[in-house]
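The sequence and model are shown below.

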Amino acid sequence: MHSLREGILDGTGNDSSAVKPASPSPSLKAVLRGLRHILWPKTVPSDSSPRQLRPTAYLDGLRGFAAFLVYIHHHQLWAHGAQSLQSAVYYENAYGYQGEFRLSTFYGIRNFFTGGHMAVAVFYVISGYVLSVKPLALIQGGEHLKLGDNLASAFFRRWFRLYLPIIATTLLYIASWHLFGYWNFACPPKETFGDELWNWYVEFKNFSFLFKEGGWIWVQANTHTWSIPLEMRGSVITYIACMALSRATTKARLVCLVVLVGYYLYVVDGYYGALFIAGMLQADLDLLARREGGYFPRWLRRLERYKTFIYYHLFVVSMYLAGVPSATNKVEDLRANPGWYWLSYLKPQAVFDPKWFYLFWAANMLVAAVPRMGWLKRFFEGRFCQFLGRISFAFYLVHGPVLATVGDRLYHAVGWGRPIEVGKVDMLAAWRDLLPLPKIGPVGLEFSFLVPHLILLPLTFWLADIVTRMVDEPSVKFAAWLYKRVQGGGKPESKPESSEAMLRLA
């Protein structure tokens, strides 16, 4: 008889005299072992050799840290906004607004409390950079056939890359409401799971349609997904720009990119398009700067000797603009904030929400400055930021559901619950003030606000890591596999007729 360790193809022949045992079902121990591998994967011991980082590893770290700022921003507004809407208003306005002087709103410092909007702008600039850097390298090298293959593959895979993780996480989230029978404030469950699925289907099919107009710009089960359709549109804009300008001269291509940025920022309200194209422009200039003998704007070459002075100042300006007041989208309210009166007159007519105009400049200055500031680049290349970069998309997707379920209950327990509305049932009455803690400390750093994060932050990291390994990374592999399948599994098709022959047949 064969060993239990052998597979069906491992035997040396048939053994008719032996009784073949039935295939054993997986033991409980094996199931638990597999579950443990999913929930608590073993870490591979690192050797003594230094880590090998990609040239753009700092962008991964910057993207991860930006996702962390989104987490902080939403938790700050959830807890403090629950106590008083006025508290949220102060958070979203400048230092000294209406006589309120708080450390969490001070210039530069405020970005660590309410830097979520800046983070989204940084996401878009980084995406424009990384999506275009390979096509631009092929363009500069004159490899137009490879460029077509690269853009075809990237374009095909992009929708799956962005939306499959949303499908998986939102479906699991709404299923958990009915499976475990719990309530959440952000999106109260429907009567039945069937109603929930239908509502999700209707929302998602519209949400994921690239040319959707009007209606909700997110899936109700996770409103933080509003940025993903704009990410998809920006990706399309970037791919089209790469293809459309692939035969242009270097100088003409750079001029066209600048014109596109101006169009999206000053002519129409397409700030996300401007952010993506600006990221593409930065990638183009970085690649040209590394090429010997190629074209590079002479005026930029002349400024190279002053780059340390220039980029440090760009970083400071970036941190100031990143704190743009965003309580409302009215320019009059922006003008009423200390330090923003004269800046408010720079807003173009086309921009509906003023903050995105200033965040455009802030995000681009930051992305340009990071690789030229050694200490800052090393910070984003550090292990913590690289870990955040690896799980950034999943972290962005799961932090909202964790906040609306576990976070809401913990905040109620320590004394940050919402006021009880007259005539409405207090759904979290059992959690309210269960373990009240003192609200001592600066606003945004209160003891009772920080304590719940001893649970919330590790829990969110843990779930984000699971989603990264079980959903996000498999989605990338699935998209690549599917693209290969639609190409016939890599097998060449029969030689097509020439274009002249086809025209004769027509």
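In this predicted model, the side chains of E473 and R390 form a salt bridge with an N to O distance of 3.9 Å. A salt bridge is here a side-chain nitrogen of Lys or Arg within 4 Å of a carboxyl oxygen of Asp or Glu. Because E473 belongs to helix α18 (residues 453–486) and R390 to helix α16 (residues 383–414), the pair ties together parts that are 83 residues apart in sequence. Helices are DSSP runs of H or I with at least four residues, numbered from the N terminus. E473 is partly exposed at 33% relative accessibility, and R390 is partly exposed at 37%. The classes follow relative accessible area: buried is under 20%, exposed is over 50%, and partly exposed lies in between (1.4 Å probe, protein chains only).

Residues are numbered from 1 along each chain as its sequence is written. As the model is predicted, local features need pLDDT of at least 70 and side-chain atom pairs count only at pLDDT 80 or more, while totals for chains, interfaces and linings use all residues; side-chain values use heavy atoms, with hydrogens and water left out.

**Salt bridges**

Side chains of opposite charge can pair when their charged atoms come close.

| Salt bridge | N to O distance |
|---|---|
| D286 and R372 | 2.8 Å |
| D426 and R432 | 2.9 Å |
| E473 and R390 | 3.9 Å |

The side chains of D286 and R372 meet at 2.8 Å. This pair links distant parts of the chain, with D286 in helix α10 (residues 271–290) and R372 in the loop between α14 (355–369) and α15 (374–380), 86 residues apart. D286 is buried at 11% relative accessibility, whereas R372 is partly exposed at 30%.

In the pair formed by D426 and R432, D426 is partly exposed with a relative accessible area of 22%, and R432 is partly exposed with a value of 22%. Salt bridges that share partners also join R390, D465, R469 and E473 into one network.

**Cysteines**

How many disulfides does the structure hold? The number is 0, a disulfide being a pair of cysteine sulfur atoms within 2.5 Å. C242 is buried at 1% relative accessible area, while C256 is partly exposed at 31%.

The largest nonpolar core has 120 residues, and F123 and Y124 have the most contacts inside it. Helix α16 supplies the largest share of this core, 15 residues. A nonpolar core is a set of buried Ala, Val, Leu, Ile, Met, Phe, Trp, Tyr and Cys residues joined through side-chain atoms within 4.5 Å. Beyond neighbours within four places in sequence, the residues in contact with Y124 (heavy atoms within 4.5 Å) include W226, L230, Y271 and F276.

K355 lies in helix α14 and is buried, with a relative accessible area of 9%. Its side chain makes a polar contact of 2.5 Å with that of D353. A polar contact is a pair of N or O atoms within 3.5 Å; within protein, one must be able to donate a hydrogen and the other to accept it, and residues adjacent in sequence count only if both atoms are side-chain atoms. Leaving aside neighbours within four places in sequence, K355 is in contact with H117, V324, P325 and S326.

**Positive phi values**

Q98, a residue other than glycine, has a positive phi near 50°. Q98 sits in the loop between α3 (85–91) and α4 (111–114) and is exposed at 53% relative accessibility.

Technical notes:
Helix = DSSP H or I, 4+ residues; strand = E, 2+ residues; numbered from the N terminus.
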